[in-house]
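The sequence and structure come next.

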Amino acid sequence: MWGDKRYRSFNYEMKSTFDSKVIKLSLDGGFTCPNRDGTLGNRGCIFCGEEGSGEFAASRCLDISEQINSQKQLLSKKWDSGKYIAYFQNFTNTYSTYEDLKEKYYSAISQDGVVGLAIATRPDCLSEEVLDLLDEINRKTFLWIELGLQTIHEKTAGLIRRGYALDCYDEAIKQLKKRNIKAVTHIIFGLPNESKEDILSSVKYVAATGTWGVKFHLLYVQKGTDLYEYYKRTPFHILSKDEYIYLIADSIEYLPQDMVIHRLTGDGKRALLVEPLWSLDKLKVLSEIDMELKKRNSYQGIKYQKS
Ligand code: SF4
């Protein structure tokens with residue numbers, strides 16, 4: 001149904017929309033985060049490293065057009081479709097003045113070959129003013145907003161210091177939907193003390209919101225994060241590769257067929273990663289997910305129930 005996959009992958013969706021492969025250029029807009037600058041907290045989410053959530057982005061010393069050019073050069077050695085999504089990835093990319101955001105977003109979408117814009121943020125950083133700006137941009141380009149929900153369980157959200165309640169996410173989704181702006185929700189698998197049922201209930205909850213896309217992450221315990229210190233003091237269960245693969249396959253089954261799966265596993269930094277080390281072989285993990293779905297003769301949406 002979706003090319004060679006049993007789920008609606010990001011690549012499939014981009015090819016269907018833009019008729020060719022689309023490359024994401026990870027940018028650093030020079031923003032910070034209310035969870036790190038003292039507004040909500042000083043140390044950020046427990047798993048967040050010094051470089052924020054976008055550790056593969058271009059250098060913040062460069063302006064947006066320079067970052068786009070340097071990313072294009074870097075990535076064109078590997079792929080060269082000439083179509084790009086500018087992706088504001090690092091920290092909270094709606095957390096600045098209206099003028100600053102407007103200048104950076106417009107600068108990004110005006111560069112050659114940029115066919116769309118992706119903005120990663122927190123649901124509590126979408127003021128009316130910001131939503132109006134996003135509404136305006138959404139009428140000019142292919143826009144989506146990424147929200148780091150991670151879990152629907154308040155106990156875990158407290159432990160990871162997420163800094164907002166579930167109803168704040170619900171409201172953000174409502175406001176984005178009202179303006180026809182696409183949202184992508186991030187969920188982390190393997191958070192401390194979450195059971196398989198806890199993880200799947202987060203997935204089912206997000207499936208019911210009608211978010212345009214999802215990103216599934218595996219929790220990384222990385223050096224230099226508070227999570228690593230927590231893990232040393234209070235070791236918790238680390239998902240095995242098989243557990244992760246079964247959980248991902250289960251999750252795919254619970255998503256509606258029109259939901260775009262942007263990611264099924266991530267890229268941990270080899271030098272910093274403490275657990276789970278099996279995750280370093282990303283291609284193997286992705287291929288075993290395909291194999292598991294094939295073994296089950298299953299596909300995205302097979303267990304989805306519209307509420
Ligand atoms: S919201 Fe994102 S950038 Fe801010 S502390 Fe959490 S993970 Fe880091």
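## Second largest cavity

The lining of the second largest cavity divides into eight nonpolar residues, two polar and no charged. Here Ala, Val, Leu, Ile, Met, Phe, Trp, Tyr, Cys and Pro count as nonpolar, Asp, Glu, Lys and Arg as charged, and the others, Gly among them, as polar. Among the lining residues are Phe189, Gly190, His237 and Pro276. The volume is about 40 Å³. The structure holds two cavities of 30 Å³ or more.

A cavity is a set of points on a 1 Å grid over the protein atoms alone, where a 1.4 Å probe fits but cannot get out; lining residues have an atom within 4 Å of a point. Points are joined across faces, edges and corners, and the volume is the space filled by probe spheres set on them.

## Model basis

This is a predicted model: local features need pLDDT of at least 70, side-chain atom pairs count only at pLDDT 80 or more, and totals for chains, interfaces and linings use all residues. Residues are numbered from 1 along each chain as its sequence is written, and side-chain values use heavy atoms, without hydrogens and water.

## Nonpolar cores

The largest nonpolar core has 63 residues; Tyr105, Leu117, Leu134, Phe189 and Phe216 touch the most other members. A core joins buried Ala, Val, Leu, Ile, Met, Phe, Trp, Tyr and Cys residues through side-chain atoms within 4.5 Å. Buried means under 20% relative accessible area (1.4 Å probe, protein chains only). A second, separate core of 13 residues includes Ile85 and Phe142.

Key: On a 1 Å grid over the protein atoms alone, a cavity is a set of points where a 1.4 Å probe fits but cannot get out, and a pocket is an open set with protein on both sides within 12 Å along at least five of seven lines; lining residues have an atom within 4 Å of a point. Buried means under 20% relative accessible area, exposed over 50%, partly exposed in between (1.4 Å probe, protein chains only).
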